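Have the viewer open as you read.

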Amino acid sequence: MRTDVSKINEQSPYQDLTKGLHMYAAATSKSFNTGEWRTNTPVFYAEKCKQCLLCVPVCPDSSIPVVDCRRQDFDYDHCKGCGICVKACPFGAIEMREGQ
Amino acid sequence: MAIRDRMSGNEAVAFAIKQVNPDVMPAFPITPSTEIPQLVSTYIANGDCDTEFIPVESEHSSMSATIGAEAAGARSLTATSSCGLALMWEELLLAASNRMPCVLALVNRTLSGPININCDHTDGMGARDTGWIQIYAENNQEAYDNFIQAYPIAEDERVQLPVMICQDGFITSHAVENIELLEDDKVSSFVGTYNPQEYLLKPGEPMAMGPYSVSNYAMEARKNQELALEASKEVIVEVAKKYKELTGRGFELFEEYRTEDADYVMVIIGSAAGTAKQAVDDMRAKGKKVGVIKLRVFRPFPAYELAHALKNCKAVAIMDRCESYNGNGGPLGSEIMAGLYRERIYIEAVNYIYGLAGRDFTVDHVYAIFDELEDAVVNGKKPEQFKYIGLRDAMTR
């Protein structure tokens with residue numbers, strides 16, 4: 001029987017935690033807002049974008065959502081601002097801005 | 001009917017690995033453990049076992065891959081020595097904290113410097129607080145026997161911790177001795193098949209391992225890990241008893257050799273226990289009441305059990321094949337003395353350092369140590385603590 005990890009919180013006694021803090025749930029990283037770490041921010045200029053999608057697979061944080069084969073604006077909750085997408089874009093459709 | 005053979009310690013462990021037939025073995029060669037992965041890869045190439053062998057680029061990677069394979073749900077192991085173990089340092093702690101029941105065949109060798117490839121326990125003792133269970137062998141037979149017991153201990157639901165099976169570099173790893181081997185089917189049924197409850201590649205039941213833990217979780221997680229290590233003691237004893245039923249061999253936490261009425265006892269780990277036992281036999285023949293305790297399980301440390309095993313003797317020599325560089329002797333000395341004090345057992349306890357970097361340790365050394373203990377008890381001559389055995393010393397020439 002799997003431990004229901006949704007019942008564990010920061011006040012749970014040690015007896016209630018899972019072995020090795022194993023997390024018995026999927027996609028839990030979604031609820032961890034790594035975008036807070038960002039010190040530089042990519043800005044998306046939709047009018048320059050040719051929808052070549054070269055930026056999508058190089059994003060290490062899967063922060064470029066694609067809907068119906070078209071990239072959307074950034075998922076700023078998870079984008080850490082590494083700037084790899086800027087280097088990948090041949091059309092100047094992404095620029096880095098200083099700060100959050 | 002057991003199989004009688006002759007093997008080196010490395011051959012014995014490699015043979016045990018072949019019989020256990022684990023799923024994955026990532027390894028990187030380092031003296032004196034190199035033969036273990038070499039022999040296992042030969043077994044694999046010859047179709048004698050179907051372990052997946054991963055040649056990696058370093059020990060940092062071999063332990064990482066061992067953890068990765070174990071997390072995926074595969075029974076995994078690696079082998080190393082000395083600097084290889086040191087390079088695994090970070091991953092050793094992760095294997096334990098992520099509760100990976102993997103196994104490491106350690107062939108004990110000193111750490112640099114001065115650079116040297118011979119036996120002492122500096123490598124294993126350096127990893128003593130990584131959360132691994134550590135089981136040491138006196139000879140090739142014990143290295144084989146201990147390896148067969150490793151997975152049943154590690155994988156027990158009460159434990160779920162990694163196990164290090166240690167033997168002395170060159171002294172046992174390369175010396176050929178007579179050995180009794182179990183039949184393959186007996187090993188298979190003793191070790192059993194690996195059926196982890198939770199693993200990363202379990203279909204339909206996704207999970208994550210090694211998540212970031214904020215302060216509100218980390219201390220509770222460490223308590224649970226510590227409790228598992230404590231619980232492993234009874235599992236180690238249970239598995240040892242079961243193995244003894246099968247083979248008639250082995251010890252639980254430690255072996256007590258002629259200690260029942262002993263006034264003077266030497267506590268020692270590994271191959272030098274054989275030397276100590278020979279010296280005890282020689283001195284017993286002359287009427288001296290001496291005995292040896294050979295520690296098999298160093299982690300979890302049987303502090304209580306050792307203290308009570310020593311309570312009826314007058315003095316104990318605690319032998320460390322390792323210098324801790326703490327100005328307070330070796331790890332075995334510190335831990336046994338702490339255990340004695342906690343149990344209010346106030347016997348004379350002397351910590352000696354011996355056999356560093358392959359320095360010989362002989363029966364003559366053992367006689368002299370027992371004489372020193374007797375001199376302390378009978379004549380009140382305070383023995384020197386942390387004395388290096390066999391050291392060339394201008395003052396005593």
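## Confidence and conventions

Chain B has an average pLDDT of 97, and 100% of its residues score at least 70; pLDDT is the predictor's confidence in each residue, on a scale from 0 to 100. For the complex, the predictor reports an ipTM of 0.89 and a pTM of 0.93.

This is a predicted model, in which local features need pLDDT of at least 70 and side-chain atom pairs count only at pLDDT 80 or more, while totals for chains, interfaces and linings use all residues. Residues are numbered from 1 along each chain as its sequence is written, and chains are lettered from A and ligands numbered from 1 in the order in which they are written.

## Where the chains meet

Chain A brings eleven residues into contact with 17 residues of chain B, where contact means that the C-beta atoms of two residues, placed from the backbone, lie within 7 Å. On the chain A side, six of these residues are nonpolar, three polar and two charged. In this classification Ala, Val, Leu, Ile, Met, Phe, Trp, Tyr, Cys and Pro are nonpolar, Asp, Glu, Lys and Arg are charged, and the others, Gly among them, are polar.

## Two domains in chain B

Chain B splits into domain 1 (3-247) and domain 2 (254-396), with bounds from an automatic or database domain assignment. Taken over C-alpha atoms, the centres of domain 1 and domain 2 of chain B are 28 Å apart. Their contact involves 24 residues from domain 1 and 20 residues from domain 2.

On the side of domain 1 that touches domain 2, helix H6 (122-126), strand E6 (133-136) and helix H9 (215-247) of chain B each supply at least two residues. Helices (H or I, at least four residues) and strands (E, at least two) are DSSP runs, numbered from the N terminus. H9(B) gives the most to this side, with five residues. By class, this side of domain 1 holds nine nonpolar, nine polar and six charged residues.

## A five-stranded sheet

Chain B contains an open sheet of five strands in the order E4-E5-E7-E6-E12, with mixed pairing; strands pair if DSSP finds at least two bridges between them. Strand E4 (77-80) and strand E12 (297-299) of chain B stand at the edges with a single partner strand each, so one side of each has no neighbour in the sheet. Direction ignored, neighbouring strands of this sheet are turned by 20 degrees against each other on average, using axes fitted as lines to C-alpha atoms.

E6(B) and E12(B) pair in the antiparallel sense over two bridges. Opposite B:Ile135 stands B:Val297 in E12(B).

## Backbone details to check

Two cis peptide bonds in chain B deserve a look. One joins B:Thr31 and B:Pro32, with omega about 0 degrees, and B:Pro32 sits in the loop between strand E2 (24-27) and helix H2 (35-45) of chain B. Another joins B:Ser112 and B:Gly113, again with omega about 0 degrees; B:Gly113 lies in the loop between strand E5 (103-108) and H6 of chain B.

In chain A, A:Ser62 is not a glycine, but its phi is positive, near 50 degrees. A:Ser62 belongs to the loop between helix H1 (55-58) and strand E2 (66-67) of chain A. A:Asp68, also not a glycine, has a positive phi of about 50 degrees and lies in the loop between E2 and strand E3 (70-71) of chain A.

Are these two residues buried or exposed? A:Ser62 is partly exposed, with 13 other C-beta atoms within 10 Å, whereas A:Asp68 is exposed, with 5 other C-beta atoms within 10 Å. A residue is buried if 20 or more other C-beta atoms lie within 10 Å of its own, exposed if 12 or fewer, and partly exposed in between, with C-beta atoms placed from the backbone.

Conventions:
Axes fitted to C-alpha atoms, helices over the stretch in contact; angles between N-to-C directions.
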